[in-house]
Amino acid sequence: MSEKMPSSNKYAEYADQFKMPDELDEFIFGSAVEHEAEADDEVVEYKEHTSAVGRAADRLADFADRVHESRVELQDNFAETIEDKAERLAGGAKQLGKSAVSGLKNAGLITLGLTIIGVEAGAKKVVEAKDYVSEKAGEAKTAIGDKSEKIADFASESKKGVIEFAGNKKSEVISFFKNKKDEAIQRKLDRQSARKMAQDYKEASRINNQIDRYAEKKARAEEKADRAEKRQQAKEKLAQEKNLANAHAAAIRMNNRIDRRVAIEKMKEGVVESINDKKDRARNGARGVSKSIFKFINKAKASGAAAYSTWSDYDRKHA
Amino acid sequence: MNNYTITEATLNEMGIILDAEKMTSLLGHLDDELNERVGTALLEELSSEQIDEYNKLSETSDDDQIGEWLSLKIPEYKQIVQDEIDIMLGSVAEKAEELSKS
């Protein structure tokens, strides 16, 4: 085996590369998968989703490149891998071939071409040869009865004819084998072509399936990002509405407060006015009372004076 | 008595007439080459798992049993072997003149 041939482990390496889809879930869509684990109704940051989709698309492109490169490498090493397989084969390819040929030989299923010639062409030649010999034998009998020199001529001609016949047969046999070889090579090429087409188709189907699978995942990630965006928009709208409602309520409350303040101010003013009125009234009242008191006092004074005068008069009278 | 696949009679039909020693040597060489070609051609049809299966089978089975197993695993088994034989015989036929002179 050639030294440059890959070891049988090379198959495992190729297999690992093409088995990647399982691990690739996390490799390509790690972020998206993590997001999938989250509850749908959980609000996820839109930007995070968008970047996850972008990263997934990049990784998908990287993966497609790697698959292509691996495939090219695998095709390049196709001839080598056959030899690699032969190394693993007990007894090598020769032993397998020996068993295969022996199995068919023992079953009488191998044709060496001559058998076919014997059936198809050889039989015809045998008949021709028999006719030829028989004809010459008849001529010989006649010749023997004639002249001895004719016997020598006949022998010479017969020998020449047999050699000619053998030569023709030999070239026909060689031509037959060459034709059989060409037919066999064509069948072998057809088989190789069919095998390669089948491998290509299988490989293309596998890659297409992977791409479809990842495209579906990408679409799901985009859909999820879209949903997250809508949720975010709804959340923002809700927040705006709430803010507006709050602002409206605040405005109402503020107006109410202003109204109340105005009312209070009015009330205050009313109270102040009332107090002032009372004060005024009180003031006026006091003034009246003072006057009354003064009046009273004066009156009392007058009364007192009168009384005093009276009393004095009494005293004086009764002194 | 040897049991070569390609026989002396076949070579004689092509006009290849050799002394016994040379003929035995040629037949042995052709047999080795044919087995190698047939084995390689069949190997291309076997999967990695089937190679493992063959390795186990070859430890306990004779050529006839292996032949039966091959016919089950490779639908064109007989045709593949026959084609390799025909290719080999054709190649020999193309060199019949040279071989006759050796």
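Which pattern does chain B follow, read along the sequence? Chain B follows the pattern α-α-α-α-α-α.

This is a predicted model in which local features need pLDDT of at least 70, side-chain atom pairs count only at pLDDT 80 or more, and totals for chains, interfaces and linings use all residues. Residues are numbered from 1 along each chain as its sequence is written, chains are lettered from A and ligands numbered from 1 in the order in which they are written, and side-chain values use heavy atoms, with hydrogens and water left out.

**View 1. The secondary structure of chains A and B.** Chain B comes to six helices and zero strands, and chain A to seven helices and zero strands. Helices (H or I, at least four residues) and strands (E, at least two) are DSSP runs, numbered from the N terminus. From the N terminus on, the elements of chain A run α-α-α-α-α-α-α. Buried residues (under 20% relative accessible area, against over 50% for exposed and in between for partly exposed; 1.4 Å probe, protein chains only) make up 47% of the 102 residues in chain B. In chain A, 23% of the 319 residues count as buried. A contact requires heavy atoms within 4.5 Å. Among contacts with a separation of 6 or more in chain B, 62% involve residues 24 or more positions apart; for chain A, 83% of contacts between residues at least 6 apart join residues at least 24 apart.

**View 2. Residues B:Leu11 and B:Glu13 of helix α1 in chain B.** Helix α1 spans residues 8–13 and includes B:Leu11, which is buried with a relative accessible area of 0%. Leaving aside neighbours within four places in sequence, B:Leu11 is in contact with B:Ile6, B:Ile16, B:Met23, B:Leu26, B:Leu27, B:Leu30 and B:Val92. B:Val92 lies 81 residues from B:Leu11 in sequence, with the two C-alpha atoms 8.2 Å apart. B:Glu13 also has its place in helix α1 and, at 27% relative accessibility, counts as partly exposed. B:Glu13 and B:Ala93 are 80 residues apart in sequence and 9.7 Å apart in space, C-alpha to C-alpha.

**View 3. Helix α5 of chain A against helix α4 of chain B.** Helix α5(A), residues 92–106, packs with helix α4(B), residues 63–73, at an angle of about 95 degrees, with the axes 8 Å apart. The two helices are therefore roughly perpendicular, a class that covers 65 to 115 degrees, whereas angles under 35 count as roughly parallel, over 145 as roughly antiparallel and the rest as oblique. Axes are lines fitted to C-alpha atoms, for helices over the stretch in contact, and angles run from 0 to 180 degrees between N-to-C directions. α5(A) contributes A:Leu96, A:Ser99, A:Ala100, A:Ser102, A:Gly103 and A:Asn106 to the contact, and α4(B) contributes B:Asp63, B:Asp64, B:Ile66 and B:Leu70. These residues divide into four nonpolar, four polar and two charged. Ala, Val, Leu, Ile, Met, Phe, Trp, Tyr, Cys and Pro count as nonpolar, Asp, Glu, Lys and Arg as charged, and the others, Gly among them, as polar.

**View 4. The buried face of helix α4 in chain B.** B:Ile66, B:Gly67, B:Trp69 and B:Leu70 are buried in α4(B). Seen down the helix axis, the buried residues fall within an arc of 165 degrees, so they line one face of α4(B); the arc is that of the directions from the helix axis to the C-beta atoms. B:Glu68 and B:Leu72 are exposed on the other side of α4(B). The buried residues pack against α5 of chain A together with α2 (20–45), α3 (48–60) and α5 (77–94) of chain B.

**View 5. Helix α5 of chain A across helix α2 of chain B.** The axes of α5(A) and α2(B) come within 6 Å and cross at roughly 95 degrees. The pair is therefore roughly perpendicular. Residues making the contact include A:Ala93, A:Lys94 and A:Val101 of α5(A) and B:Asp32, B:Glu36 and B:Leu43 of α2(B). By class, this contact has seven nonpolar, four polar and four charged residues.
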